[in-house]
Amino acid sequence: QVHLVESGGGSVQPGGSLRLSCTASGYIDTTYSMGWFRQAPGNEREGVATLYGGGRRTYIASSVRGRFTISRDNAKNTLYLQMNNLKSEDTAVYFCAADSDEWAVSNMRAKYWGQGTQVTVSS
């Protein structure tokens, strides 16, 4: 029984920063993979960043590499996405997801999903 809740979204100007949080209620084992995904209007949902089980590997999409950082605080049961130098094309609803299966997270078939938080980047 796991529930994920995202927070930290909002409206910012290009070049600005936001930090998204995804807090899990119910226990998520440290071996679980957790990731961030986003969906812009008219677009397919896409992977943004994934921290794989045990934190041994991290995936960052090329479109955000060098600007976004994924991290996890196991003590707080919280996943973070630090977003710097935001661009208009980053505008989307951002979702977090978790699963014990790395493949499931990578392929957007994770068992647990948050409700999403809106990020809007505009002048």
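A: In this predicted model, C22 is buried, with a relative accessible area of 0%. C96 is likewise buried, and its relative accessible area is also 0%. These two cysteines form a disulfide in which the sulfur atoms lie 1.9 Å apart, and the structure holds 1 disulfide. The link of C22 and C96 is right-handed, with 60 degrees about the S-S bond. Because C22 belongs to strand β3 (residues 18-25) and C96 to strand β9 (residues 92-99), the pair ties together parts that are 74 residues apart in sequence.

In soluble globular proteins, nonpolar side chains tend to be buried together. Here the largest nonpolar core has 30 residues, and the members that touch the most others are W36, L81, M83 and Y94. Two or more residues of this core come from each of β3, β4 (33-39), β5 (46-51), β7, β8, β9 and β11 (117-121).

A pair of aromatic rings is described by the distance of the centres and the angle of the planes. The structure holds 1 aromatic pair, formed by F37 and W113, whose rings are tilted at 50 degrees between the planes and stand 5.1 Å centre to centre. Since F37 is in strand β4 and W113 in strand β10, this pair ties together parts that are 76 residues apart in sequence. The two partners can also be described by their accessibility: F37 is buried, at a relative accessible area of 1%, whereas W113 counts as partly exposed at 25%.

R45 lies over the face of W113, at 5.1 Å from the ring centre. The charged end of R45 also sits over the ring of F95, 3.9 Å from the centre of that ring.

N77 is placed between β7 (68-73) and β8 (78-83), and N77 is buried, with a relative accessible area of 16%. Most residues other than glycine have a negative phi. The phi of N77, however, is positive, near 55 degrees.

Note on methods. Residues are numbered from 1 along each chain as its sequence is written. This is a predicted model: local features need pLDDT of at least 70, side-chain atom pairs count only at pLDDT 80 or more; totals for chains, interfaces and linings use all residues. Side-chain values use heavy atoms; hydrogens and water are left out. Helices (H or I, at least four residues) and strands (E, at least two) are DSSP runs, numbered from the N terminus. Buried means under 20% relative accessible area, exposed over 50%, partly exposed in between (1.4 Å probe, protein chains only). A disulfide is a pair of cysteine sulfur atoms within 2.5 Å. A nonpolar core is a set of buried Ala, Val, Leu, Ile, Met, Phe, Trp, Tyr and Cys residues joined through side-chain atoms within 4.5 Å. Rings of Phe, Tyr and Trp (its six-membered ring) pair if their centres lie within 6.5 Å; planes under 30 degrees apart count as stacked, over 60 as edge-to-face and the rest as tilted. A charge sits over a ring if NZ of Lys or CZ of Arg is within 6 Å of the ring centre and within 35 degrees of the ring normal.
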